[in-house]
Amino acid sequence: MIGNTVETYDYAVYGFLATVLAQLFFPSAQPGTALLSTFAVFGAAFVVRPLGSFVFGPLADRIGRRKTLMVTVLLMAVATPLIGLLPTAASIGIAAPILLVVLRLLQGLSAAGEYCTAVIYVAEFAPERVRGRMTSRVQVGSVLGLFTAAVVVLALNTVLSPEQILAWGWRIPFLIALPLGLIGLYLRSKLGETPEFEALEESGETIEAPTREALTRHWPLICLIFLLGSLHMIGFYMVYTYMQSYIISLGYTSLQATLVTVGTLACGIGLIVVGGHIADRWGRWRPLLALSVVVLVTCYPLFVALSNADSIVMVFVWALLLSTAPALYSAIVPVTYVEVLPANIRGTVFAVGYGLVAAVLGGSALYLGQLLVNITGNTNAPAFLLMLGATLSIVAALWARARLAGPTAQRIDRIRDTPTTEPAPN
């Protein structure tokens, strides 16, 4: 959880500073166009995630979960502080946004292997009766990383003037990533390999060419991961990252928008903990199906209420209600990702499917949300993206039902219960 917190902080602080970065790296564009350009750079990190998935997913299946986690946190710890050291467009012109894109691509490569490997790592250690709540802790790390980034940005807006933030203050959140990254690297250096992967190695069940195996024999499972991740990805970035800029566009100050975001993130951490218990109490596919239906039915009315709120207090209330179902969904889906996949190809299939959904629906969520508002003039248009994610995830929940009823879910326990000195059963 702590390692994923560090990783997510590094990745997300860019989103919270989007309006500032738009002025620094795209100063000649119109305000709306500059913000779109900044969101496009945010999305660039997602575009490269499928490539990173083909790197880190197979690594997790070939060399192990632990070593892969070490590489991902190290890469992020290098890329993020370098963003804080970049010259702006006023200093070096067009080279500034180009370098920004390059560093965001490196962040995307790291993120491609981070979340998936961390979830697999926890699931392969956790007993079945608490596997839902344990894997949800990785998602807690994701939201805690966003929360930390939001708090840092809130502190900047409180302590510094807008002019100071534009001049030098925006660099601070990126530079903080260096000591955080070193902490994450130290913690992960103390971890051992999962019993399940060790059992696969000893029994000779690891795959030498996991990418080929995944694409030729397990491509339907890649599609399943993509569908499961639809609401997870769109919901996460819409309600916790895009919402910051959306509230500002309604006429509120950056400080007010950040306060709302911090509040919803703090509540989101509690909701995810609750969601993990729901997964252990009521299973996986039923809660996922119910939450997808709730989002499909309620997200547009909630956006209407949010856009028409007459005070910042009511903005917070509606934003919190809008984030509730996606937060619970994001707590239950991690264990589902793992349990629908066979162990020896789990890292590759999970990473590729998740990387694809991140590229197609995650990175584009901020850009498309703002684009829909610009094109239609309807401030409620971002709701349609959430409705799309909910529809796809309804299909995924029904598909996962069949997978979870089969032998795959029991595979984790059979290998874990096997002594590591003996081969795992076929």
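**Notes on cavities, salt bridges and a surface patch**

1. Two cavities of 30 Å³ or more turn up in this structure. Please keep in mind that the model is predicted.

2. The largest cavity holds about 200 Å³ of space. Its lining is made of 16 residues, and those nearest the centre are Thr-8, Arg-49, Tyr-115, Ser-142 and Tyr-237. At least two lining residues come from each of H1, helix H7 (95-125), helix H8 (131-159) and helix H14 (219-249). By class, the lining of the largest cavity has eight nonpolar, five polar and three charged residues.

3. The second largest cavity has a volume of about 50 Å³. Among the residues that line it are Phe-16, Leu-17, Val-153, Asn-157 and Gln-244. Helix H2 (18-25) and H8 are the elements that give two or more residues to this lining, and H8 gives the most, with three. Here the classes are six nonpolar, four polar and no charged residues.

4. On to the salt bridges, of which the whole structure has ten. One of them joins Glu-124 and Arg-346, with the closest N and O atoms 3.0 Å apart. This pair links distant parts of the chain, since Glu-124 sits in helix H7 and Arg-346 in helix H18 (residues 346-376), 222 residues apart. Are these two partners buried or exposed? Glu-124 counts as buried because its relative accessible area is 0%, and Arg-346 is likewise buried because its relative accessibility is 0%.

5. The Glu-124 and Arg-346 pair also belongs to a network of salt bridges, in which Asp-61, Arg-65, Glu-124, Glu-196 and Arg-346 are linked.

6. Asp-280 and Arg-133 form another salt bridge, with a closest N to O distance of 2.9 Å. These residues too link distant parts of the chain: Asp-280 is in helix H15 (residues 254-282) and Arg-133 in helix H8, 147 residues apart. Arg-133 is partly exposed, at 24% relative accessibility.

7. For a local example, look at Arg-217 and Glu-213, whose side chains meet in a salt bridge at 2.9 Å, N to O. The two are separated by about one helical turn because they lie four residues apart in helix H13 (residues 210-217). Arg-217 is exposed at 59% relative accessibility, whereas Glu-213 is buried at 19%, the cut-off for buried being under 20%.

8. Finally, the surface has a nonpolar patch formed by Met-1, Ile-2, Ile-183, Tyr-186 and Leu-187, with about 490 Å² of accessible area together. Helix H11 (residues 177-189) provides the largest share, three residues. Met-1 lies in the segment before helix H1 (2-16) and is partly exposed, with a relative accessible area of 45%.

Notes. Residues numbered from 1 in each chain as written. Predicted model: local features only at pLDDT ≥ 70, side-chain atom pairs only at ≥ 80, totals over all residues. Heavy atoms only, no water. Patch = residues over 30% accessible without salt bridge, like charges linked within 9 Å, V, L, I, M, F, W, Y side chains within 5 Å. Areas by Shrake-Rupley, 256 points an atom, 1.4 Å probe, with all protein chains shown as cover. Salt bridge = Lys/Arg side-chain N within 4 Å of Asp/Glu carboxyl O. Buried < 20%, exposed > 50% of the residue type's maximum accessible area, 1.4 Å probe, protein only. 1 Å grid on protein atoms, 1.4 Å probe; cavity = no way out; pocket = protein on both sides within 12 Å on 5 of 7 lines; lining within 4 Å. Points joined across faces, edges and corners; volume = space filled by probe spheres on them. Nonpolar A, V, L, I, M, F, W, Y, C, P; charged D, E, K, R; others polar.
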